[in-house]
Amino acid sequence: MGRELLKNTGRIILSFIISVFILTELYAVEVKTKLSPARISQGESAALTITVTGKSSIDPAKLPAINGLKIIYTGASYSFQFTNGKTWYGTVLNFSIYGEKTGEYTIPPFLFNTSDGQIYSEEKTLTVQVQKSSSGHGDIPITGELSLSSNTVYVGEPLIMRYYINGDDFDNIKILGLAEQPLSKDFSIKMIKENINKDDKIYAASFYVVPLKKGNYDIGENSIHIQVEDIQSFFSRNVRKIIPCSAKKINVLPIPENGKPENFSGDVGEYKIEVQTPSGEFKQFEEIKVPVKITGKGNLITLSKPKVENNIENGNDQKIIIEEKEAECRSGENGLDGEKEYLITIIPQKYGELNTGKIFIEYFNPYKKKYERAESQPLTFNVLPDEKSSGTGEVQLDSTDSAGKLNYIWLFLFIIILAVFIAALIIWEKKKLSIIKKEIKPDTADEISSTANKSDNLLRELAVSFNNKDTDLFLLNADRAINRINPSKLSNVELDKYKQFKDNIYNCRYGAGVLTNEDMKELMEWFKKNQA
């Protein structure tokens with residue numbers, strides 16, 4: 001017995017020691033950082049693996065920002081291992097480090113939050129060298145290219161910025177997109193879609209760029225994300241690469257002041273204007289629709305609305321409304337061209353000959369380096385007076401408008417007749433209400449004291465109305481008679497008849513039924529039998 005007790009005690013102590021050892025191994029925090037490889041070519045990536053022992057809840061608090069590198073967190077994995085008597089429990093965090101520019105970089109420690117506080121990874125060094133052949137099919141490297149439709153433009157003159165990939169195996173390259181959206185406070189930049197096929201390069205993206213200020217700029221620096229198939233090893237695999245594109249220099253010239261129109265709106269390009277002039281005669285205050293189309297090359301997207309020559313000078317003669325549609329643009333090697341449509345609505349305020357004048361647009365032509373004006377022929381319209389207009393925009397009634405006066409007399413008579421009818425209706429409703437109140441007036445004290453006489457009188461009135469075939473009076477007296485009966489004093493059989501008669505009287509009084517002679521006789525007999 002004592003020997004068994006000693007064995008059990010020894011087992012308990014051994015289990016305790018093993019548990020303490022396991023827990024100590026399990027919760028000992030250790031951070032290991034591995035960078036592979038430590039040297040990559042520009043546009044390639046290295047894998048950064050951070051292994052944390054003894055922590056299950058780890059949150060990357062902040063990743064460092066390193067100019068020339070792009071750090072992407074790709075996820076975490078959790079593991080528990082027991083090997084050769086040793087227990088390991090931990091978290092593996094994975095990062096991809098893309099080399100966007102050449103150079104030697106120090107990757108500082110990463111900060112992580114845990115349930116017990118903060119921990120840090122180890123510092124590592126990564127070398128990004130000049131890119132060599134990366135397609136695996138030859139000696140020609142994969143490079144990025146930025147192309148501008150022009151390197152010298154005026155303020156407001158649009159240009160096209162395009163990104164390409166150069167390589168030796170286009171079938172092996174897939175464009176994933178740009179690293180970032182090009183932005184600049186001194187340029188208006190909008191992405192456009194183009195269908196470009198070239199034999200010596202792969203098209204990636206295009207942007208519509210409008211300079212807003214004069215000066216010399218470096219624009220367009222970016223990177224293109226691609227996917228290539230690496231077949232240098234025995235098993236091929238898809239590899240994601242970042243291909244840098246260097247910025248391009250651009251010189252933005254100011255629009256010259258010499259010759260600038262007084263009310264110049266800043267339009268730059270080369271345009272033509274087409275106006276469809278409606279024919280015929282129009283009436284005063286009638287809308288005259290004039291379609292306008294402007295075609296050419298330049299900044300069509302933000303092109304100003306065309307102007308009407310006499311819109312300001314003769315503002316009392318006409319009102320002008322100008323509507324515009326979205327521009328239809330086509331991109332070419334040298335920029336953007338297309339067309340934009342407008343609808344000008346002219347509303348004449350006076351009759352006679354209306355001289356609207358020319359419809360025009362003023363712009364600076366960067367190709368001829370001078371200000372120009374595209375205009376239509378002068379527009380004139382013959383405007384007839386409105387039937388009820390004095391010609392000055394005021395509607396009047398002439399001396400021959402006797403029909404209108406007659407209409408006012410009939411309207412006045414109709415209002416008087418309607419008022420008389422409403423007054424008569426109110427008087428009738430009041431009289432009807434007094435009759436109803438009289439019918440439902442409660443019995444006086446004298447009537448209550450002579451209950452027997454009251455019942456006899458009701459029976460006599462029922463008989464008189466029956467003999468006179470006055471159904472309405474019969475129903476009124478029947479309603480009074482049945483309301484004098486106390487249902488609590490009736491037998492079950494008589495109570496059923498009471499309910500039946502009461503419903504029948506109510507329905508007949510208000511149009512939901514009709515009493516026959518037999519019904520009235522039955523009612524009188526029942527009242528005689530059960531009178532109060």
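Which residues does Asn365 touch, not counting residues up to four places away in sequence? The legends below begin with that residue. The model is predicted, so local features need pLDDT of at least 70 and side-chain atom pairs count only at pLDDT 80 or more, while totals for chains, interfaces and linings use all residues. Residues are numbered from 1 along each chain as its sequence is written, and side-chain values use heavy atoms, with hydrogens and water left out.

View 1. Asn365 touches Gly269, Glu270, Lys370 and Glu372, not counting residues up to four places away in sequence; contact means heavy atoms within 4.5 Å. Asn365 is buried, with a relative accessible area of 0%, where buried means under 20% relative accessible area and exposed over 50%, with partly exposed in between (1.4 Å probe, protein chains only). A polar contact of 3.1 Å joins its side chain to that of Glu270, and the side chain of Asn365 also reaches the backbone nitrogen of Lys368 at 3.2 Å. Such a polar contact is a pair of N or O atoms within 3.5 Å; within protein, one must be able to donate a hydrogen and the other to accept it, and residues adjacent in sequence count only if both atoms are side-chain atoms.

**View 2. Helix H6 (residues 492–509) and its buried side.** Helices (H or I, at least four residues) and strands (E, at least two) are DSSP runs, numbered from the N terminus. Glu494, Tyr498, Phe501, Ile505 and Cys508 are buried in H6, and they cover an arc of only 110 degrees around the axis, which puts them on the same side of the helix; the arc is that of the directions from the helix axis to the C-beta atoms. The buried residues of H6 pack against helix H5 (471–483) and helix H7 (517–530), whereas Asn492, Asp496, Gln500 and Tyr506 are exposed on the other side.

**View 3. The buried face of helix H7.** Met520, Leu523, Met524, Trp526, Phe527 and Asn530 are the buried residues of H7, and they fall within an arc of 165 degrees when seen down the axis, so they line one face of the helix. Glu518, Glu525, Lys528 and Lys529 are exposed on the face turned away from this buried side.

**View 4. An open sheet of three strands in the order E22-E31-E28, with mixed pairing.** Strand E22 (281–283) and strand E28 (352–357) stand at the edges, each with a single partner strand, so one side of each is left without a neighbour in the sheet. E28 and strand E31 (residues 379–384) pair in the antiparallel sense over five bridges, where pairing requires that DSSP finds at least two bridges between two strands.

Note on methods
The expected span of a helix is 1.5 Å times one less than its number of residues.
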